[in-house]
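Visitor: I'd like to learn how to read a protein model. Could you walk me through one?

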Amino acid sequence: MLLFNPVTSLSVPLTLSPKTHYSPSLSSLKNHPSFLTNKNHNPTRRKLLIVQAKGEDSADGPDRLISAICYFYPFFDGIQYGKYVITQFTPIQVLIQPLFPAIKVFKSFPLNGFLVFLTLYFVVVRNPNFGRYVRFNTMQAIVLDVLLIFPDLLERSFNPKEGLGLDLVMSFDSTVFLYLLVSLIYASSSCLFGQLPRLPIVAEAADRQVL
């Protein structure tokens with residue numbers, strides 16, 4: 001096997017010309033326009049990205065308070081599902097007793113729930129002046145309240161007075177109430193601490209409504 005030798009196979013002698021090779025220094029690169037206009041080192045662009053990220057993921061004091069208060073809406077609207085749990089368990093009755101005056105005002109007029117729904121949806125959720133944090137939490141509370149339609153329809157169509165049917169209705173109502181109570185405690189406390197609560201069943205629906 002023949003190997004090509006680049007030194008011995010050249011028939012013309014090599015001549016070295018005194019050609020000057022330019023090697024740019026670091027100082028000359030710094031003065032080049034392309035070095036100064038690098039997109040990755042643009043402070044204005046970095047500042048814009050930081051502001052956008054802060055607006056999406058963080059919330060100040062008023063935003064946290066508004067978001068926490070919104071979760072009282074579905075709890076007040078579904079308080080009737082706790083008629084069995086509240087009477088049987090004294091600790092739960094003591095826990096929600098401070099809310100009884102507000103619940104009484106909320107239930108005093110039949111259209112209060114619908115008026116609160118319209119206010120939260122059109123004044124908060126559809127208002128671009130509010131941040132996404134507030135609008136998402138408000139929408140999540142609205143979706144949770146809308147889901148109360150299903151247990152309400154079940155009670156209207158199936159309302160036994162005794163026996164196994166009554167036991168099933170009591171268990172179902174108690175489950176709905178406990179879910180509302182846990183959602184209120186978890187979501188409101190998370191909002192007060194600046195965290196973003198995501199409730200099972202309703203979080204994805206709220207994401208689709210809040211752009």
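Guide: Let's begin with an idea: a nonpolar core is a set of buried Ala, Val, Leu, Ile, Met, Phe, Trp, Tyr and Cys residues joined through side-chain atoms within 4.5 Å. Buried means under 20% relative accessible area, exposed over 50%, and partly exposed in between (1.4 Å probe, protein chains only). This is a predicted model, where local features need pLDDT of at least 70, side-chain atom pairs count only at pLDDT 80 or more, and totals for chains, interfaces and linings use all residues. Residues are numbered from 1 along each chain as its sequence is written, and side-chain values use heavy atoms, with hydrogens and water left out.

Visitor: Which residues have the most contacts inside the largest nonpolar core?

Guide: In general, nonpolar side chains tend to be buried together in soluble globular proteins. Here the largest core has 39 residues, and Tyr71, Phe75, Ile79, Ile96, Met139 and Phe177 have the most contacts inside it. Contact means heavy atoms within 4.5 Å. Setting aside residues up to four places away in sequence, Tyr71 touches Asn137, Leu184 and Pro197, among others.

Visitor: Is valine 134 buried or exposed?

Guide: Valine 134 is buried, at a relative accessible area of 0%. Beyond its neighbours within four places in sequence, its contacts are Asp63, Ile66, Ser67 and Val124. Also, valine 134 and alanine 59 sit 75 residues apart in sequence but 8.0 Å apart in space, C-alpha to C-alpha.

Visitor: And what is the mean pLDDT of the protein?

Guide: pLDDT is the predictor's confidence in each residue, from 0 to 100. The mean here is 79, and 73% of the residues reach 70 or more. Over residues 1-55, though, the pLDDT is below 50.
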